[in-house]
Amino acid sequence: MKRELLCLVLLTKCFFVTNVSIAQTSTSSGTMAVFTDFPGGSAVVKNIDQERQIIRIVPESNPGRGWEVWWYFRVEGLKVGSTITFEVTSNGFGLPDKAQFSYDNKKWAHIDQAGERKGRTLMIYSQKVIQSTVWLAWGPPFVLSDAEALVKKVTKKPYARSLELARSIEGRSVPAVVVSQKGTASKNRPVIWVQARSHAWESGSSWVGRGFIEWLVSKDPLAESLRKNALIYFVPVLDVDNVESGAGGKQQLPHDHYWDWSASPHFPEVRAAKSKISGFIADKSLKVFMDLHNPGAGNKEVLFFVPAKPLLISSRLQQQDEFFKIAKEEMGGPSGFKGLLGPIGEGWDALKEPACDCWVADESNKAGLDALAVTMETPWNISEGNQSGYLSRGAELGRSIARFVLADKP
Ligand SMILES: [Zn+2]
């Protein structure tokens, strides 16, 4: 989610009641216990009603680390065949109609019934469980180990290699993949840069990214053609520190990753990405820059944000139109792309508004390059806002990019 009302931030600050604690005790038989002691875990237990199997939580408080809307926890000690009720207090971004659950922390599904909304900040979810342990979350988690496993899997292909983009502020390695298959094109291949999780809570964006990169190394002839004609960079998780800590990231201090593309970025991973992309702009090879996000709860269709109006020179508009025409064809279904764009900024101040897509557009314009620079927002509060839906959308994104890039080929 890119640009939302600032007042929502205020909402996130007022959930926390006194005397809350994280229940991380071990469970004795028939006693429920909540755990968040794993990467990405986030929940503060307000209270537990053991008899009626009701758990009341809020996302963890992470002052200065962005919106407190991401929640992800494990419950042990459930009665098999019983129903668990979990009440989540958050703002609208943290309250999907249907939460997601998992029995193995790998395969995730929506709960059977939509939650019951109580006012603007409370949802009551329930789900019958067939095991004594269940993981519950806002959406399918995608943490650093998932990114590492994905990179490992993809780089089994001889034409793919891994790259440590940077070491984060907290010292974590930020993994990336570079794909380029030997083919007729050798020098000055068009560069495609796809990155996810400028905002840590938007886990669906990493799943879309995974769909993209898995498609890219698939047998689809279009993917093969793209691999043989382009140089593709993919970063599955940009804000690894907040993803690992379970913080929301968006509007963190001093600012979040999306807004960090200034002359001196705060985050090492942004500094590294910006440096590489600067090189691709300088040698005029950058063709596509794509920042993956999840939008607000009310968005039910794929939408794109484009750079601010002063940056939309005619050749850029033409490139966007060409890409969007293809994306409309590829991203079908009720939640597909039908041409919806986010609000376009009237003005742009490079010093005050160093957003990644605007920075790429500005630098490209100055270099006489019309590289596509957009943000893709994949809806999450819909039935396709799950692992398989995101993966499919990622593959469609791959096909869209391929057709757009390869259209220039004779
Ligand atoms: Zn976002």
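Let's start at Asp241, which sits in helix H5, spanning residues 240-245; helices here are DSSP runs of H or I with at least four residues, numbered from the N terminus. This is a predicted model, where local features need pLDDT of at least 70, side-chain atom pairs count only at pLDDT 80 or more, and totals for chains, interfaces and linings use all residues. Residues are numbered from 1 along each chain as its sequence is written, and side-chain values use heavy atoms, with hydrogens and water left out.

Is Asp241 buried or exposed? Asp241 counts as buried because its relative accessibility is 6%, the limits being under 20% relative accessible area for buried, over 50% for exposed and partly exposed in between (1.4 Å probe, protein chains only). The side chain of Asp241 makes a polar contact of 2.7 Å with that of Ser168. Such a contact is a pair of N or O atoms within 3.5 Å; within protein, one must be able to donate a hydrogen and the other to accept it, and residues adjacent in sequence count only if both atoms are side-chain atoms. Setting aside neighbours within four places in sequence, Asp241 touches Arg65, Ser168, Ile169, Glu170 and Arg172, contact meaning heavy atoms within 4.5 Å.

The domain assignment gives domain 1 (10-137) and domain 2 (144-406), with bounds from an automatic or database assignment. Between them, 22 residues of domain 1 and 27 residues of domain 2 take part in the contact. The centres of the two domains, taken over C-alpha atoms, are 31 Å apart.

How much area do domain 1 and domain 2 bury between them? The figure is about 1800 Å², with 48% of it on carbon and sulfur atoms; buried area is the accessible area (1.4 Å probe) that two parts lose on being put together, summed over both. On the domain 1 side, Arg65, Trp67 and Trp70 lose the most area to domain 2, together 37% of what that side buries.

## Polar links across the interface

Domain 1 and domain 2 share 1 salt bridge, a term for a side-chain nitrogen of Lys or Arg within 4 Å of a carboxyl oxygen of Asp or Glu. There are also 13 residue pairs in polar contact between the domains, both residues at pLDDT 80 or more. Glu170 and Arg65 form a salt bridge, with their closest N and O atoms 3.1 Å apart.

## A buried lysine

Lys250 lies in the loop between H5 and helix H6 (268-282). Lys250 is buried, with a relative accessible area of 0%. From Lys250 to Leu122 is 128 residues in sequence and 21 Å in space, C-alpha to C-alpha.

Note on methods. Helix = DSSP H or I, 4+ residues; strand = E, 2+ residues; numbered from the N terminus.
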